[in-house]
Amino acid sequence: MTSASTPCIKVCVIDPASGLCEGCGRTLDEIAQWSGLSEAERLAIMAVLPERLQERAAESKPSQSSWRA
């Protein structure tokens with residue numbers, strides 16, 4: 001038996017603003033459906049997760065303009 005691919009790093013916290021898991025970048029719907037997805041579907045989702053996490057990180061950083069008094 002082979003194990004299914006998963007991006008889970010056991011940091012399961014959903015960011016309320018983005019709706020994404022802070023550990024892996026998946027949505028709650030993706031997490032809930034994961035075990036029923038095909039390997040190809042899992043790999044397709046996993047391919048977009050790094051970009052999602054980068055976008056989330058960029059959005060959560062305060063802009064320099066907000067630092068001005």
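Tutor: Gladly! Let's begin with a pair of side chains: Arg-56 forms a salt bridge with Asp-15, and their closest N and O atoms are 3.7 Å apart. Arg-56 lies in helix α2 and Asp-15 in the segment before α1, 41 residues apart, so the pair links distant parts of the chain. Please keep in mind that this is a predicted model, where local features need pLDDT of at least 70, side-chain atom pairs count only at pLDDT 80 or more, and totals for chains, interfaces and linings use all residues. Residues are numbered from 1 along each chain as its sequence is written, and side-chain values use heavy atoms, with hydrogens and water left out.

Student: What makes Arg-56 and Asp-15 a salt bridge?

Tutor: The term needs a side-chain nitrogen of Lys or Arg within 4 Å of a carboxyl oxygen of Asp or Glu. At 3.7 Å, Arg-56 and Asp-15 therefore qualify.

Student: Which residues are linked with Arg-56 in a network of salt bridges?

Tutor: Asp-15 and Glu-22 are linked with Arg-56 in that network. Glu-22 forms a salt bridge with Arg-56, with the closest N and O atoms 3.5 Å apart.

Student: Why is Arg-56 called buried?

Tutor: Buried means under 20% relative accessible area, exposed means over 50%, and partly exposed is in between (1.4 Å probe, protein chains only). Arg-56 has 18%, so it is buried. Asp-15, at 15%, also counts as buried, whereas Glu-22, at 37%, is partly exposed.

Student: How do you know that Arg-42 and Glu-39 are about one helical turn apart?

Tutor: They are 3 residues apart in helix α2, which is why the separation is about one helical turn. A helix here is a DSSP run of H or I with at least four residues, numbered from the N terminus. The side chains of Arg-42 and Glu-39 meet in a salt bridge too (3.2 Å, N to O).

Student: Is Cys-12 buried or exposed?

Tutor: Cys-12 has 62% relative accessibility, so it counts as exposed. Cys-8, at 25%, is partly exposed.

Key: Helix = DSSP H or I, 4+ residues; strand = E, 2+ residues; numbered from the N terminus.
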